[in-house]
Amino acid sequence: EQPVIMLAVIDAWTGSKDGLSTYFVLENSVYVDEVLSTLDALGLKEHAALIREGQALFGPDYGTSRSRYYRWSDGHGTIRDEQLDADLDALAVRFRALPSLLDIAAARIERSAELKAIFEPIRAQADDDQRLAFLVSGLLDCVYRDNNLDTARARLAALPPAHARILLVSIFEMEMLNGSVEQFFYNSSGDLALETVVALNTLTLGKHANAVQQGIDMFGKPYPRLTGTRRDFLANAGPALSDKLTALTALVDDGAMHSAMIRSAREAGILPD
């Protein structure tokens, strides 16, 4: 069981749209030795080599996850080491081009009657929240696989409508829950604010759509689609605007978006089995 579980865990840490571009600066990077020993033991040489490249980017003094984070960023959205950031992004693109570790884990289960007997009952008992999370994870991988926002927008537009709606609302929900509605607009997620309003209305979440529209209107017209432009606007406006955006969180943090996404996925026949 252990190799399968470790592969799934490593995939969760490295397989998101950010992947290795953030792995080394977050707390899960303290397990890098366990990650490497798993990949080495399973003969996944290419994956292990890229992890070691990531370590080497920080020099001989690998340090703590905290020290690595603050070498990379100031914690408020400003990158301190632009070259390191670019190198980590490039590494993430190469890592995501390799076979998915989750797919490798699933293949190990499929080849083993013993592992099937262990994991199939777990899969069958997965609740709707877990099934939705798996769907959203796959959509994020599809749309943001190269961390290029221009190509991501094109991929999002090419998704079937039900998939696109769920992804848009999920991104908004994740940013809101991780920080606030202000964080949604501060980050690149805010580039898709106009589409998010449409998606929320389509899911009959009018109150939530109105809250996002209120946030959009605070930036004036035309709404600044570029992350950097919105950040400059927020900086010039001062804390009053940030406080107003943050206050919108109370209007949307009620669990209704999550229920609506599950309902929509089930109706569209795309909630994973």
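This is a short chat about a predicted model.

Trainee: What should I know before reading the model?
Mentor: It is predicted: local features need pLDDT of at least 70, side-chain atom pairs count only at pLDDT 80 or more, and totals for chains, interfaces and linings use all residues. Residues are numbered from 1 along each chain as its sequence is written, and side-chain values use heavy atoms, with hydrogens and water left out.

Trainee: What is the mean pLDDT of the protein?
Mentor: The mean is 93, and 99% of the residues reach 70 or more. pLDDT is the predictor's confidence in each residue, from 0 to 100.

Trainee: Which element has the lowest mean pLDDT?
Mentor: Helix α10 (residues 149-158), at 85, while helix α14 (residues 206-217) has the highest, 98.

Trainee: How many helices and strands are there?
Mentor: The protein has 18 helices and zero strands. Both are DSSP runs numbered from the N terminus: helices are H or I with at least four residues, strands E with at least two.

Trainee: Which residues make the contact?
Mentor: Met 6, Leu 7, Ile 10 and Trp 13 of α1, with Glu 34, Val 35, Thr 38 and Leu 39 of α3. Contact means heavy atoms within 4.5 Å.

Trainee: And what box do the C-alpha atoms fill?
Mentor: Roughly 55 × 50 × 30 Å, taken along the principal axes.
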